[in-house]
Amino acid sequence: MDEKSTEVLFRELLETVDILRGEGGCPWDREQTRETLKQLMVEEVYEALEAIDRQDDAELMEELGDMLLHIVFHARIGQEEGSFTMADVLRTIVSKMKKRHPHVFGSEAVAGVDGVLVNWERIKGKEKERESMLSSLPRHLPALVWANAIQSRVARVGFDWKNAEAVADKVEEEWKELREAWRSEDGKRIEAEWGDLAFTLVNLARHLKVDPEEALRKTCHRFKERFAMMEGAVRREGKNLVDVSFEELDKLWDNAKENLDPKNWKST
């Protein structure tokens, strides 16, 4: 089989999208707009993340292709509207990467990763007029991801706790404030204090080198598995969950938790 070069394959992808969007192309592809593609783009990203979690390289390869298709598709729409082309997209990202890595493509020296991040923010500030260094973060990010991104970004300019212990003290302070708000029965205050506590816990996760979104996602997965095992145990007894007392369910939960604890798995 004759292996095509990356350049040839990329050109073929561009031509394929041109055909799909052109006269006599696919009716579905021709009617898509930037707005109709938004949710599909989000889904493709999450499918790629799932492939990474499963360590499935073949699936990841396919999902990355789907993500690339969206980029080419948007560039084609831009070409149709006269706003930008695929060449403009490529030219912009190549230029941006070279400008933001003067320690690689220039003569500037930086001190490690922290130096790179500080320099990155300085260069971005010069490139764009912005009200805040946080203004470019998308508002539609999942809340945990958004909180982590905000904290990571301000940490680049030194606005950060010194260590995890200092953040842990802040967690305890926020927890006390939430308890006080709880006793006040003021709904808005309770919401605000709960948010402050969650935000601080994200900060603690960052200092502990834990991805908060990933950690919570894995906890949800463990809960789902344990609950399914508990449901199975109840069904085997010929009962429904609503007919079982909380005390019984709690015991079944403990059993499921014990059985699914990786520390108790036997090697085969």
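I started with Val 42, and found it partly exposed, at a relative accessible area of 38%. I am working from a predicted model. Val 42 sits in helix α3, residues 34-53. Which residues form a nonpolar patch on the surface with Val 42? I noted Val 45, Tyr 46, Leu 49 and Ile 52, and the patch has about 400 Å² of accessible area together.

Next I turned to helix α10. I see 21 residues here, 187-207, and a reach of 31 Å from the first C-alpha to the last, close to the 30 Å expected.

I then looked up what is buried in α10. My list includes Glu 193, Leu 197 and Thr 200, and also Val 202, Asn 203, Leu 204, Ala 205, Arg 206 and His 207. What do the buried residues of α10 pack against? I found three partners: α8 (143-155), α9 (164-184) and α11 (212-236).

Now to the ends of α10. At its start, I found a side-chain oxygen of Asp 186 within 3.2 Å of the backbone nitrogen of Lys 188. Glu 185, in the loop between α9 and α10, has a positive phi of about 60° although it is not a glycine. I checked its exposure too: Glu 185 counts as exposed, at 69% relative accessibility.

Just after α10 comes Lys 209, with a positive phi of about 65°. I place Lys 209 in the loop between α10 and α11. Is Lys 209 buried or exposed? I have it down as exposed, because its relative accessible area of 77% is over the 50% cut-off.

Terms used. Residues are numbered from 1 along each chain as its sequence is written. This is a predicted model: local features need pLDDT of at least 70, side-chain atom pairs count only at pLDDT 80 or more; totals for chains, interfaces and linings use all residues. Side-chain values use heavy atoms; hydrogens and water are left out. Helices (H or I, at least four residues) and strands (E, at least two) are DSSP runs, numbered from the N terminus. The expected span of a helix is 1.5 Å times one less than its number of residues. Buried means under 20% relative accessible area, exposed over 50%, partly exposed in between (1.4 Å probe, protein chains only). Contact means heavy atoms within 4.5 Å. A polar contact is a pair of N or O atoms within 3.5 Å; within protein, one must be able to donate a hydrogen and the other to accept it, and residues adjacent in sequence count only if both atoms are side-chain atoms. Patches are made of residues with over 30% relative accessible area and no salt bridge: like charges are joined within 9 Å, nonpolar side chains (Val, Leu, Ile, Met, Phe, Trp, Tyr) within 5 Å. Accessible areas come from the Shrake-Rupley method with a 1.4 Å probe; for residues, only the protein chains shown count as cover. A salt bridge is a side-chain nitrogen of Lys or Arg within 4 Å of a carboxyl oxygen of Asp or Glu.
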